[in-house]
Protein chains: 2
Amino acid sequence: MKYGVLGTGMVGLAISNRLAELGHEVMIGTREPSKSGDKLKSKNDAVKIGTFAESAAFGEVIFNATGGAVSIDALKMAGQANLNGKVLVDISNPLDYSKGMPPSLFVGNTDSLGEQVQRAFPKLKVVKALNTVTAPIMVNPKRVAGGDHDLFICGNDAGAKETVTGILREFGWTNIHDLGDITNARAVEAVLPIWVRLYGKFGTAMFNFKIVQ
Amino acid sequence: MKYGVLGTGMVGLAISNRLAELGHEVMIGTREPSKSGDKLKSKNDAVKIGTFAESAAFGEVIFNATGGAVSIDALKMAGQANLNGKVLVDISNPLDYSKGMPPSLFVGNTDSLGEQVQRAFPKLKVVKALNTVTAPIMVNPKRVAGGDHDLFICGNDAGAKETVTGILREFGWTNIHDLGDITNARAVEAVLPIWVRLYGKFGTAMFNFKIVQ
């Protein structure tokens with residue numbers, strides 16, 4: 001499968017490198033590829049570099065690994081035509097750092113960033129996933145507790161969720177909960193307020209939640 | 001220790017019965033004690049019944065087990081004079097059922113119900129706790145996974161948090177995380193959106209989150 005990964009931060013690099021390691025073709029997308037050299041030093045050699053639009057055109061499945069505040073702009077730069085009909089794994093979180101630390105959310109409760117993205121790109125098959133864990137755990141859940149902890153996905157398209165579940169299983173995820181349609185992004189994005197506080201308290205992001213019954 | 005428990009729902013009854021079982025003196029408080037007979041059939045015989053005000057006056061430590069939407073009104077009926085200087089364990093959640101199911105929150109993100117209660121009663125030592133689990137787990141965490149799962153508390157008064165931690169340990173809690181001051185109620189109340197969806201998905205409320213590292 002060919003993947004486009006939008007965003008060259010910690011999340012975009014982790015996703016891109018892991019997909020390449022698993023033998024997939026990957027193009028990481030950035031605003032200005034010519035200026036991204038130093039930033040991409042830790043990139044797997046097999047990962048191609050392009051603009052947001054080139055990366056989106058390349059991928060059959062796209063990952064949104066951009067910051068929540070710029071996600072819709074980045075997707076606009078990727079271009080409707082390059083996105084239409086494709087699956088988007090939306091990892092972004094609506095973190096608002098403008099009101100001090102820890103961050104609050106710039107959308108929530110009766111709406112979500114996942115829904116905003118879906119509304120802005122109605123022909124994109126948005127699946128919210130991976131936003132509740134740090135990048136190294138996203139791509140290798142076995143890094144903590146042998147991988148026995150939980151992940152949530154949601155989205156409107158059943159086939160898209162099946163595709164994403166397949167990728168997540170390749171990453172090593174076993175406990176994947178499909179919460180339903182994209183409105184459930186309200187709930188998975190609302191995990192962030194406690195996540196950021198625990199991150200601050202533990203001094204590490206290498207943790208996740210396991211549901212016990 | 002003498003406890004006042006405000007609210008005669010599933011939460012108020014569970015807390016009252018457990019405190020009585022542990023040998024404490026308890027008065028459960030309700031709007032109209034004379035009308036609460038049937039509702040309180042499952043009450044431990046040792047648990048006294050009174051008005052909100054009588055219960056608050058009786059208790060050295062008070063539990064707010066009323067619904068989030070009526071908590072501030074119930075506390076007003078309990079009376080400032082009966083509350084001042086005491087510890088309040090605030091279990092309430094700001095659930096808003098007016099916009100359909102699953103419920104949204106009527107306050108959140110940059111404020112919380114815990115903070116609203118603290119602002120309305122500045123001399124009360126509010127400790128948010130137990131709001132992220134169902135009543136039977138609140139009072140007996142060993143009901144799931146041998147009790148090895150996590151609880152969050154927050155509040156402005158260190159001594160009050162110590163008192164509440166002691167009660168929680170009597171209930172059987174071992175993994176208790178103090179997140180800091182009462183503003184952190186924003187985070188623990190924000191657990192509800194995912195909690196209510198998992199409750200719907202699992203068809204049972206007998207679950208909790210365990211942090212794995």
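Visitor: What rotation and what shift along its axis superpose chain A on chain B?

Guide: This is a predicted model. In it, chain A is superposed on chain B by a rotation of 180 degrees with 0.0 Å of shift along the axis, at an RMSD of 0.0 Å. Those values are the relation of a two-fold axis, so that term applies. As for the contact surface, 100% of the contact residues of chain A recur in chain B, so the same surface serves both copies by the definition of contact.

Visitor: Which residue of chain A comes closest to the rotation axis?

Guide: A:Lys210 does, with its C-alpha at 2.5 Å.

Visitor: What makes a residue part of the contact between the chains?

Guide: The cut-off is a C-beta distance within 7 Å to a residue of the other chain. By that test 30 residues of chain A are in contact with 30 residues of chain B. β7 (104–105), α8 (185–189), α9 (192–202) and β11 (208–212) of chain A each supply at least two residues of this side of chain A. The residues there divide into 16 nonpolar, nine polar and five charged.

Visitor: Why are β11(A) and β11(B) called paired?

Guide: Pairing needs at least two bridges. Five bridges join β11(A) to β11 (residues 208–212) of chain B, so the two strands pair. They run antiparallel, and A:Ile211 stands opposite B:Phe209.

Visitor: Why is one side of β3 and of β10 in chain B left without a neighbour in the sheet?

Guide: Eight strands of chain B form an open sheet, in the order β3-β2-β1-β4-β5-β8-β9-β10, with mixed pairing. β3 (48–51) and β10 (175–178) stand at its edges with a single partner strand each, so one side of each has no neighbour in the sheet. Neighbouring strands are turned by 25 degrees against each other on average, direction ignored. Strand β2 (residues 25–30) of chain B is joined to β3(B) by four bridges, and the two run parallel. B:Met27 stands opposite B:Lys48 in β3(B).

Visitor: Which helix packs on this sheet?

Guide: Helix α7 (residues 158–171) of chain B does, touching β4, β5, β8, β9 and β10 of chain B. Its direction makes about 155 degrees with that of β9(B).

Visitor: Why does A:Lys76 count as partly exposed?

Guide: A:Lys76, found in helix α3 (residues 71–78) of chain A, has 13 C-beta neighbours inside 10 Å. Exposed means 12 or fewer and buried means 20 or more, so a count of 13 falls in between and A:Lys76 is partly exposed.

Conventions:
Residues numbered from 1 in each chain as written. Chains lettered and ligands numbered in written order. Predicted model: local features only at pLDDT ≥ 70, side-chain atom pairs only at ≥ 80, totals over all residues. Contact = placed C-beta atoms within 7 Å. Nonpolar A, V, L, I, M, F, W, Y, C, P; charged D, E, K, R; others polar. Least-squares fit on C-alpha atoms with pLDDT ≥ 70 in both. Axes fitted to C-alpha atoms, helices over the stretch in contact; angles between N-to-C directions.
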